[in-house]
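Hello,

Here is the structure I promised to send over.

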Amino acid sequence: MSNKLKLGFVGLGIMGAPMAGHLIKAGHDVFVTTRSKVPDEIAQSAATQCKTPAEVAQHADIIFTMVPDTPDVEKVLFGEHGIASGLSKGKIVVDMSSISPIQTKEFAKKINTLGCDYLDAPVSGGEVGAKNATLSIMVGGDEKVFERIKPIFELMGKNINLVGGNGDGQTAKVANQIIVALNIEAVGEALLFAAKAGADPAKVRQALMGGFASSKILEVHGERMVKRTFDPGFRIELHQKDLNLALNSAKELGVSLPNTATAQALFNSCAAYGGKAWDHSAMVKALEKLANFEIGQKA
């Protein structure tokens with residue numbers, strides 16, 4: 001982008017740090033803060049470190065947030081020294097966390113009463129997508145505001161869509177997480193079945209990659225299952241949070257999501273074994289416990 005913007009970024013975790021990094025590399029003035037230690041790559045960059053979210057909002061015209069859960073977003077926005085206390089009329093808040101669609105609508109209303117605009121823009125693509133600036137970004141909010149922010153989104157992602165009004169971006173992300181969880185479960189079952197039957201799961205995976213069963217989950221997470229590489233990635237505890245949003249919202253809507261509930265039960269089992277920080281592809285470990293057989297074992 002030719003125009004230098006004053007951007008804020010709150011939340012510099014696994015996803016937030018590389019996302020903020022792309023904004024810095026693009027030459028914008030970026031003001032950052034996070035609840036833990038600022039990652040070295042950000043600390044050593046041209047970014048300006050701030051003590052509080054309020055300070056970020058005072059300096060920046062467009063403020064991005066990327067934190068784990070709904071209460072975290074609420075605290076960052078409206079808590080002591082939160083973003084809301086540093087806003088002035090005309091600024092824009094863009095929440096890229098994955099949180100409750102219902103609460104998102106309330107947050108948007110509160111920000112709007114301050115004379116500012118609000119977009120919810122959760123992402124999909126994980127750490128790899130964040131690092132490679134290939135995230136899918138699902139946006140809810142006003143179309144004019146979206147068009148203004150889209151060039152900045154393009155620094156972080158490739159598949160960028162305005163879904164509807166505030167909250168609709170979060171609804172799309174919940175739908176995304178349902179699909180991802182059920183695909184992980186399906187790939188886990190398939191590779192476990194193949195391994196227990198005596199086939200080489202790596203070769204089965206490779207064969208399936210050329211057919212109708214091919215998917216990004218089979219490609220990336222299937223490889224993780226075969227190679228036993230379960231460092232996140234995207235932590236199980238975060239996917240649990242997303243499926244809780246799905247199941248709680250479904251209850252309010254009167255919708256049954258039976259397979260989503262099963263996937264959540266498998267994640268819960270992993271967490272019970274101490275695996276809440278495992279990559280979500282490690283859901284297969286719960287299936288392996290049920291079978292008393294691990295992919296990679298000799299049948």
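This is a predicted model: local features need pLDDT of at least 70, side-chain atom pairs count only at pLDDT 80 or more; totals for chains, interfaces and linings use all residues.

Residues are numbered from 1 along each chain as its sequence is written, and side-chain values use heavy atoms, with hydrogens and water left out.

The protein has 13 helices and 9 strands (DSSP runs numbered from the N terminus: H or I of at least four residues for helices, E of at least two for strands). Its radius of gyration is 20 Å, close to the 19 Å from the globule rule for 299 residues, so the protein is as compact as a globular protein of that length. That radius is taken over C-alpha atoms, and the rule is 2.2 Å times the number of residues to the power 0.38. The C-alpha trace spans about 65 × 45 × 35 Å along its principal axes. Of the 299 residues, 48% are buried (under 20% relative accessible area; exposed is over 50% and partly exposed in between, with a 1.4 Å probe and protein chains only).

Now to the charges. Side chains of opposite charge can pair when their charged atoms come close. The count comes to 12 salt bridges (a side-chain nitrogen of Lys or Arg within 4 Å of a carboxyl oxygen of Asp or Glu).

Helix α10 (residues 216-227) holds both Lys227 and Glu223, 4 residues apart, about one turn of the helix. Their side chains form a salt bridge at 3.0 Å, N to O. Lys227 is exposed at 54% relative accessibility, and Glu223 is partly exposed at 32%.

Arg224 pairs with Asp279, with the closest N and O atoms 3.8 Å apart. This pair links distant parts of the chain, 55 residues apart: Arg224 is in helix α10 and Asp279 in the loop between α12 (258-272) and α13 (283-291). Arg224 is buried at 17% relative accessible area, as is Asp279 at 1%.

Lys241 and Asp242 also meet in a salt bridge (3.0 Å, N to O); Lys241 is buried at 11% and Asp242 at 2%. Finally, a network of salt bridges links Arg228, Glu288 and Glu294.

Best wishes
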